[in-house]
Amino acid sequence: MASASQHRLRKRLLKAGHFIGLFLAMCVITIPGLWVVLNSFRPTVEIMAKPPVWIPNSLNLDHYRAMFGGAGQGGIPVWTYFTNSLIISVTSTLIALLIGMAGGYAFARYKFKGKAMTFVMLMATRAVPGVALSLPVFIIFGRTGLIDTHLGMILVYVALNVPFTIWLIDGFFRQVPKELAEAAEIDGCTRWQAFWRVEFPVARAGIASAGIFAFLTSWNEYALASQLTRSVSSKTMPVGLLDFTSQFTLNWGGMCALAVLMIIPALILTFLVQKHLIAGLTFGGVKG
Amino acid sequence: MTRAKLPPWLLLLMPAFLILAAVVLVPLLLSLYSSFTPYQLTRPETLWKINFPFNYEKALTDPGFWKAFGRTVLLLTIALNLEMLLGLGLALMVAKVQRGQRTLRTMMMFPMMFSPILVGFMFKFIFNDNVGLVNNALQSMGLASTAIPWLVDGNLALFAIICAEVWMSTSVFAILILAGLFALPQDPLEAAKVDGCTPWQSFRYVTLPFLMPFIYIAMAIRSLDVARAYDIVQVMTGGGPAKRTELLWTMIGRTGYVDARMGYANAMGYIAILLSIAFTVYFFLKLQSARRELGMGD
């Protein structure tokens with residue numbers, strides 16, 4: 001009897017420990033982000049308060065108003081940064097997807113010599129640290145006039161995204177049974193038609209999530225963008241964040257407001273694709 | 001017609017090869033060449049003076065460089081192992097939950113949405129000695145009497161950087177390991193139970209070996225982007241105080257852009273590139289062998 005009740009007690013303790021551990025972990029994961037969101041809505045006095053103000057007294061949109069309101073009131077060209085980011089990220093994502101689809105299809109459907117090696121080499125290009133790559137790219141772009149242009153950034157981001165896009169899309173094409181496409185070919189489709197009518201629709205959701213992953217990479221990239229963009233005409237939002245810093249001070253409120261603006265699109269997109277993303281990474285990796 | 005002779009897979013991969021050659025390979029060749037010269041941005045003619053081992057010799061005999069190199073390797077080792085362990089723990093905890101698991105999974109992905117530079121600013125704020133969240137919490141709970149200078153002291157700053165890095169990347173591990181746990185076949189686990197294994201034994205000898213490929217996937221994905229820590233360090237300390245948190249990457253950035261000594265920066269850059277590629281290739285090979293063990297290889 002004693003052992004039975006002891007057993008039950010142990011089980012209950014384990015359960016409580018599990019709950020507390022999970023709760024703490026989730027707090028650590030979410031609180032820093034929520035803190036940023038909260039700070040974007042409250043006056044600077046309260047952000048800088050000591051002792052800290054945990055529960056806000058007043059919420060307002062002052063930081064947002066200041067950010068959007070021209071140069072005089074501490075504003076930065078937010079909309080220009082936003083459109084720069086959007087143009088560069090969307091265009092580079094679309095191109096990377098097209099290239100990635102071709103490459104992923106090649107890896108999923110053809111057998112060739114040195115396939116594994118080619119794959120690892122492709123991935124290795126992605127591993128080059130941004131800041132190390134930015135040095136020679138900076139020199140070349142400086143000579144060719146690509147520096148500080150949308151086109152230059154798009155080219156760089158396409159190259160950055162292609163290896164990973166190939167990996168993900170390869171995984172999704174592998175999940176499409178070969179027999180499906182073969183059946184279509186027997187029915188008189190060319191390989192090209194079979195691809196668009198059979199394989200592409202089945203793998204579409206996965207391809208979309210690969211696209212969103214590529215989009216997020218470009219949207220959040222800093223190391224290359226900070227060197228290859230110089231002026232308002234091509235600066236992206238992560239680089240724009242630095243506009244809130246000066247030599248000795250930081251405008252925390254304004255920075256938090258811009259941060260929220262950056263996170264919102266990322267948040268929506270991530271939630272849309274989370275399921276496919278996980279499936280794609282694991283299939284591409286394990287069954288590759 | 002040479003075009004018709006190309007095998008279809010090569011034709012399909014051609015655009016990828018072309019763009020990577022143009023944006024990665026050619027610049028890397030240029031950087032290899034310029035690392036042999038005393039090239040300075042402000043003096044373009046220096047690009048044509050070849051002085052082969054000079055930059056490398058200078059880098060390899062500079063104690064500052066070796067300190068940064070060692071610190072980079074140390075940071076990566078600590079961060080990757082911590083991320084792996086925490087991710088494994090988190091995944092095991094989440095996998096046990098029956099109700100509300102979807103919400104938990106969504107919350108877990110939260111840090112993945114943050115730009116690394118944003119994470120840097122966020123943790124710079126959190127660890128700020130005056131108004132930061134950590135010091136405020138410690139002081140109001142009475143755990144610390146005076147403000148702890150997190151980002152001013154070298155070791156504490158490195159700790160703060162590791163915190164930021166781990167916060168940002170643990171979820172990648174957690175999510176992939178969770179996917180592995182869902183795919184875990186139940187039969188061997190039950191067999192282990194029947195054979196009288198303790199929960200620890202069945203975890204160690206059944207669950208963990210099955211999870212290894214998933215852990216390697218996560219490692220491989222992370223190794224593709226290890227230099228992401230550059231953004232965080234750049235923002236949080238800028239390599240300071242007094243270069244005590246200087247990593248290879250911040251050192252390269254400073255030498256190249258602030259001092260304009262491109263040749264020297266490229267030489268160090270090459271060492272950093274080889275380090276990253278070694279990481280990546282290592283984990284991809286590990287991944288392939290883990291796959292083969294499970295009979296899932298090609």
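**View 1. Contact between domain 1 and domain 2 of chain A in the predicted model.** Eleven residues of domain 1 of chain A are in contact with ten residues of domain 2 of chain A. On the domain 1 side, the elements giving two or more residues are H1, helix H2 (44-47) and helix H3 (62-68) of chain A. H3(A) gives the largest share, five residues. By class, this side of domain 1 holds seven nonpolar residues, four polar and no charged. The domain assignment puts residues 2-68 of chain A in domain 1 and residues 76-286 in domain 2. Taken over C-alpha atoms, the centres of the two domains lie 32 Å apart.

**View 2. The contact between chain A and chain B.** Chain A brings 70 residues to this contact, and chain B brings 75 residues. Several helices of chain A each supply at least two residues to the side that touches chain B. They are helix H1 (2-40), helix H4 (78-109), helix H5 (115-127), helix H6 (130-144), helix H7 (150-175), helix H10 (223-228) and helix H12 (252-286). Which helix gives the largest share of this side? H12(A) does, with 15 residues. The chain A side has 54 nonpolar residues, 13 polar and three charged.

**View 3. Packing of H7(A) against H1(B).** Two packed helices are described by the angle between their axes and the distance between the axes. For H7(A) and helix H1 (residues 8-34) of chain B, the angle is about 135° and the axes are 9 Å apart. H7(A) is therefore oblique to H1(B). The crossing of H7(A) past H1(B) is left-handed.

**View 4. Residues where H7(A) meets H1(B).** H7(A) brings Leu155(A), Val156(A), Val158(A), Ala159(A), Val162(A) and Ile166(A) to this contact. From H1(B) come Ala16(B), Ile19(B), Leu20(B), Val23(B) and Val24(B). How do these residues divide by class? Eleven are nonpolar, with no polar and no charged residues. An α-helix has 3.6 residues a turn, so residues three or four places apart point the same way.

**View 5. Helix H8 of chain B and the residue Gly196(B).** H8(B) spans residues 186-194. Is this helix well covered or hardly covered? H8(B) is hardly covered: of its nine residues, the count of buried ones is zero.

Conventions. Residues numbered from 1 in each chain as written. Chains lettered and ligands numbered in written order. Predicted model: local features only at pLDDT ≥ 70, side-chain atom pairs only at ≥ 80, totals over all residues. Buried ≥ 20, exposed ≤ 12 C-beta atoms within 10 Å, placed from the backbone. Helix = DSSP H or I, 4+ residues; strand = E, 2+ residues; numbered from the N terminus. Contact = placed C-beta atoms within 7 Å. Nonpolar A, V, L, I, M, F, W, Y, C, P; charged D, E, K, R; others polar. Domains from an automatic or database assignment. Axes fitted to C-alpha atoms, helices over the stretch in contact; angles between N-to-C directions. Parallel < 35°, antiparallel > 145°, perpendicular 65-115°, else oblique. Left-handed = near helix turned anticlockwise from the far one by under 90°.
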